[in-house]
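Let's take a walk through this protein together. Have the sequence and the 3D view open side by side, and we'll go from one spot to the next.

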Amino acid sequence: MGKQTATASCTAYRAIEEKTGVVVPAGVVVARVGWLTTLTQTLASAVIAERWTEEALDELAGGVGPDGRDLPAKGYKALRRLGWGSRSEPGVYVSDRVRCCADEEAARALRLALHRRTIIEAILKTWPENSRKRTDAEWAALREALPAGVPVAEIRHRTRQVQAIIDGGGAFPLGIIEAEDAPFNAAQILLAAADKQLVTVTRTGERTVELRVQLPSVERPASRRDWAWHVLPVNLPRNVPGDVVKICVPSLRVKDGRVRVDLPFEVEVPFAPASGHVIAAGFDWGLNTLLAATIGRLTPHGRVESDGRPLSYDASVVSAKLHRLRGHREDLAAKRRHYDNLLTGLAGQADGDVRGPELLASRERTDVEHRRVCARIRHLNDALAWNAARWAVDQAGAAGATVIYLEDLATLEARGRRQGNARLSGQVRGRVVDAIRHLAAKTRIAVVTVPARGTSRFCPRCGDGASELMHVLAPDRLTQRGWKWAYCSACGLSCDRDRAAAERIVSRGLLGQQTTFTDRTTGKRAIRAGVDGNVTRVRRPKKATRAIRRARRSGTDLHPRPENRTSRADRSKTGPTRKRQTRMRKMTSSRMPDRRPVPALTFAVGNRPAGQAPQTNRRKPGRTGLVRDFHHRTGFHKARASPVLPLTEYGTGSRHATPPATPNPHGLG
Ligand SMILES: [Zn+2]
């Protein structure tokens, strides 16, 4: 059994002063918690600003204290060993525990900066000729200088950051200190760094927790008397399971006029072994869809066969929405910069201009809108990531897979035209991976990354690393170069490009599972070297229908094309498509649209976002069943995905192990 930590976001609405038993109303609690977080924010930002130098970062990165001993793993202890601990302002009494929390905050910010520093230093050391496009040699030099596992998206962000400084007329930065300002720390208090003299957490019931914490009763506490113990009853949200092993000490912050309690809790998760897997799910970061998947099985003879069912999660509509929102965000940022420039110009004039207040109000409005758009993007990214992950883990679970193989984002390069799902940033994909790891751990499914290189380049059926796939426009246009469709001229395989890639990923994982490497600190699993093998598609035997039997007997085409349409030009439309008459249309006003957007589901407990939702059959009231729909409802607004069906059979009897010799003209391979 292992442990998994998750954080529940709770709200504290009121508090009771322990000594007097007086109930403190919500507004006062918010103010007091706000004073506490502002105190720690001030203390921590002073430490960060003081130590934002190359020398100090070197010292911290060295990991050895002035006494020659290794620095402790706990952030606040490390800072105190270095003698960097925070000092309270004169006239303000802050206990040592509160300063511990501030030191922890500062230590985390500085240690995160160390991580960014190694990346920026590697990028600066190997600065390319053209920062928009590195050559292969430049990539190799950069990878050599970087620590392992840095995603391409992060490299791109840091490169753009440096390029922006150069474009802005600044000198070429020598390190992170010149490249960015001291990190900002939010107004929050990480109570985990303190002990029971500042905070205690007790579980008082199935869904209730009691948080005892010392809060200041004035904005600037002058002595110990200005601090008092408060008891904050907190209700656990319904996503916290009943069998929680441990409730940890939370962090507090004020958001939207409420006291937010970020409460970490630990649950036990079953151990998922790294190897010994027989059935696996392989996921490809698709070009046509966000995720394309296939289920594979390792046969006793050491071959990989796939059940031939393509699974896909299409988020192109959400992706388009995100793209629009990002554009809007950029516009607002530009507008805000413009107002700033105008205001600077006005400030330079001798006497105040009447336009000043108006401009200031406009700038404020733009700023609020910018923040809201940022929040919208963040929420949409989150919802998308969790929904896609839920779908992926449900698919793997339904097929009886014990492992999920994913492409390693660190080795994934941006491919092709960035449109549709491919436009989703590496950041979203990183979140999907994290969410898949989290959800899979609960159901005893291992998550392993495999190298992404060459997954869509070689044929999964006959390639073995030799036969290259052709990427063509469409199944019926196999001679025209394109992106979406894959066609192998050697064996006649013709299928969706992402599906072919998913098959290679599943074979890479299943065949290379003996070399699975587990990172000791993070517990993340990866296969570094790609072992490739062919994938056989096994299909369930299908009885020939009467129409097929008749077509075979008479030797005619089952799906003949209309005779009058011989050339491509004839296939063009001659008039507008006629509106379909629907029942709804007849019964109601003609102004009613015949298709209405479906509102996003509100998630209640037990509602799986990607689960199979039984829907009421409208024609026969009372009978439930699945509505016939090409695309499964994922519960997430406008994301479409294959339904989760527990099909674990790999077909028996006559298996289509050998592919047809001639390429199928209709591309239904
Ligand atoms: Zn082939």
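A quick definition first: a strand here is a DSSP run of E with at least two residues, and strands are numbered from the N terminus. Keep in mind, too, that this is a predicted model.

Is V24 buried or exposed? Its relative accessible area is 4%, and because anything under 20% counts as buried, V24 is buried. Now look for R14: it is 10 residues away from V24 in sequence, and the two C-alpha atoms are 6.1 Å apart in space.

Next come the helices. In general, a packed pair is described by two things, the angle between the axes and the distance between them. Take helix α4 (residues 96-125) and helix α6 (residues 152-167): their axes cross at roughly 70° and come within 10 Å. Angles of 65 to 115 degrees count as roughly perpendicular, so that is the label for α4 and α6. The crossing of α4 past α6 is right-handed.

Last stop: the zinc ion. Which protein atoms hold the spot of donors here? They are the SG atoms of C459, C462, C488 and C491, at 2.2 to 2.3 Å from the zinc ion. Along the sequence, these donor residues follow the spacing C-x2-C-x25-C-x2-C. Trace two of them: C462 is in the loop between β16 (446-450) and β17 (470-474), while C491 is in the loop between β19 (485-487) and β20 (494-496), so this pair ties together parts that are 29 residues apart in sequence.

The angles among the 4 donor atoms run from 107 to 112°, and the site is tetrahedral. For four tetrahedral donors, the ideal angle at a metal is 109.5 degrees. As for solvent, C462 is partly exposed, at a relative accessible area of 27%, whereas C491 is buried, at 10%.

Key: Residues are numbered from 1 along each chain as its sequence is written. This is a predicted model: local features need pLDDT of at least 70, side-chain atom pairs count only at pLDDT 80 or more; totals for chains, interfaces and linings use all residues. Side-chain values use heavy atoms; hydrogens and water are left out. Donors are N, O and S atoms within 2.8 Å of the metal (3.2 Å for Na, K and Ca); water is not among the atoms, so sites may look incomplete. Four donors count as tetrahedral if all angles lie between 85 and 135 degrees; four count as square planar and six as octahedral if opposite donors are over 155 degrees apart and all others between 65 and 115; anything else is irregular. Helices (H or I, at least four residues) and strands (E, at least two) are DSSP runs, numbered from the N terminus. Buried means under 20% relative accessible area, exposed over 50%, partly exposed in between (1.4 Å probe, protein chains only). Axes are lines fitted to C-alpha atoms, for helices over the stretch in contact, and angles run from 0 to 180 degrees between N-to-C directions. Angles under 35 degrees count as roughly parallel, over 145 as roughly antiparallel, 65 to 115 as roughly perpendicular and the rest as oblique. A crossing is left-handed if the near helix is turned anticlockwise from the far one by less than a right angle, and right-handed if clockwise.
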